[in-house]
Amino acid sequence: MTARSSETQYVTFALGSEVFAVPVAVVREILDHEEAFRIPNGPDYLVGLRDVRGQGVPVIDLRLKLGLSRT
């Protein structure tokens with residue numbers, strides 16, 4: 001029998017000096033930066049909404065959501 005090796009791919013990104021990795025399997029897509037529509041009275045980490053092919057997609061500041069400082 002031949003043993004199969006399992007290979008997992010990750011998307012990595014850095015926030016300050018921290019590096020994070022997310023399995024490729026859970027990433028739907030990576031979009032270019034575009035300004036978001038502001039949402040009044042939303043939580044600090046909610047930047048706003050962005051139109052992606054006719055759908056409103058929330059944009060968050062992951063630094064704030066993870067308790068890091070604002071840049």
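**Close-up 1. Arg53 in the loop between S3 and S4.** Arg53 is exposed, at 66% relative accessible area (buried is under 20%, exposed over 50%, and partly exposed in between, with a 1.4 Å probe and protein chains only). The model is predicted: local features need pLDDT of at least 70 and side-chain atom pairs pLDDT 80 or more, while totals for chains, interfaces and linings use all residues. Residues are numbered from 1 along each chain as its sequence is written, and side-chain values use heavy atoms, with hydrogens and water left out. Phi of Arg53 is positive, near 50°, and the residue is not a glycine. Most residues other than glycine have a negative phi.

**Close-up 2. The hairpin of S3 and S4.** Strands S3 (residues 46-52) and S4 (residues 55-60) run antiparallel and are joined by six bridges. Strands are DSSP runs of E of at least two residues, numbered from the N terminus, and two of them pair if DSSP finds at least two bridges between them. Val52 has Gln55 of S4 as its bridge partner. Two residues lie between the strands of this hairpin.

**Close-up 3. Asn41 in the loop between S2 (18-23) and S3.** Asn41, also not a glycine, has a positive phi of about 65°. Its relative accessible area of 82% makes Asn41 exposed.

**Close-up 4. The aromatic pair of Phe13 and Phe20.** One aromatic pair is counted, by the rule that rings of Phe, Tyr and Trp (its six-membered ring) pair if their centres lie within 6.5 Å; planes under 30 degrees apart count as stacked, over 60 as edge-to-face and the rest as tilted. Phe13 and Phe20 are stacked, with 5.6 Å from centre to centre and 20° between the planes. Phe13 is partly exposed at 28% relative accessibility, as is Phe20 at 27%.

**Close-up 5. Lys65 over the face of Tyr45.** Lys65 lies 4.2 Å from the ring centre of Tyr45. A charge sits over a ring if NZ of Lys or CZ of Arg is within 6 Å of the ring centre and within 35 degrees of the ring normal.

**Close-up 6. Lining of the largest pocket.** The lining has 25 residues, of which Glu29, Leu31, Pro58, Val59 and Ile60 lie nearest the pocket centre. A pocket is an open set of points on a 1 Å grid where a 1.4 Å probe fits, with protein on both sides within 12 Å along at least five of seven lines; lining residues have an atom within 4 Å of a point. Strands S1 (10-15), S3 and S4 each supply at least two lining residues.

Notes:
Helices (H or I, at least four residues) and strands (E, at least two) are DSSP runs, numbered from the N terminus.
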